[in-house]
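Open the structure and keep the sequence beside it. We will walk from charged pairs to a helix and then to a pocket.

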Amino acid sequence: MSELVILGELYDTPMHGYLLQQILTQVLGPMRTVSWGMLYPVLQRLHPEGVTALSKANRKATGRPKKVYAITEQGRIQFRRLMARPLDHNAESEDIFRIKLAKFHLVDPPSCGDFVTV
């Protein structure tokens, strides 16, 4: 689930980890907290796989670099794969359904040839 929601948010706009953590907490609701221990390992795994890109911008106040994550074309393909995957019925099913519903606008509609007429 975490990969789907992270890629879905990055699909909309590049962002740094702190903002991403705040948005994910809002998306998943008060009963599901998004910890740094969940978020950063997923981001670190996605980057070498070519799913996310990383840039560094200096913060105005401190001058320290801020890591900004963005989705790549490979990440968009992975996101669409995750969106097309059928739901498993388990404890996360409701959360995954809500995430898929919220990000449904990012999925291309099927062509007319994909439908079977009876």
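A salt bridge is a side-chain nitrogen of Lys or Arg within 4 Å of a carboxyl oxygen of Asp or Glu. K103 forms one with D12, and their closest N and O atoms are 2.5 Å apart. This pair links distant parts of the chain: K103 sits in the segment after helix 5, D12 in helix 1, and 91 residues separate them. Helices here are DSSP runs (H or I, at least four residues), numbered from the N terminus.

This is a predicted model, in which local features need pLDDT of at least 70, side-chain atom pairs count only at pLDDT 80 or more, and totals for chains, interfaces and linings use all residues. Residues are numbered from 1 along each chain as its sequence is written, and side-chain values use heavy atoms, with hydrogens and water left out.

Stay with K103. Its side chain also meets that of E9 in a salt bridge (3.2 Å, N to O). Again the pair links distant parts of the chain: E9 is in helix 1, K103 in the segment after helix 5, 94 residues apart. How exposed are these partners? Buried means under 20% relative accessible area, exposed over 50%, and partly exposed in between (1.4 Å probe, protein chains only). K103 has 8% relative accessibility, so K103 counts as buried. E9, at 9%, counts as buried too. D12 is at 40% and therefore counts as partly exposed.

A search of the whole structure finds five salt bridges. One of them joins the side chains of R45 and E3 (3.3 Å, N to O). R45 lies in helix 3 (residues 36–46) and E3 in helix 1, so the pair ties together parts that are 42 residues apart in sequence. R45 counts as partly exposed because its relative accessibility is 37%. E3, at 15%, counts as buried.

Now look at V5. This residue lies in helix 1. With 3% relative accessibility, V5 counts as buried. Which residues does V5 touch, not counting those up to four places away in sequence? They are L24, V27 and I99. Contact means heavy atoms within 4.5 Å. V5 and L20 are 15 residues apart in sequence and 9.9 Å apart in space, C-alpha to C-alpha.

Finish at the second largest pocket. A pocket, on a 1 Å grid over the protein atoms alone, is an open set of points where a 1.4 Å probe fits, with protein on both sides within 12 Å along at least five of seven lines; lining residues have an atom within 4 Å of a point. The lining consists of R80, M83, A84, F97, K100, L101, F104 and V107. Helix 4 and helix 5 each supply at least two residues of this lining. About 160 Å³ of space lies in the second largest pocket.

How values were computed: Grid points are joined across faces, edges and corners, and a volume is the space filled by probe spheres set on the points.
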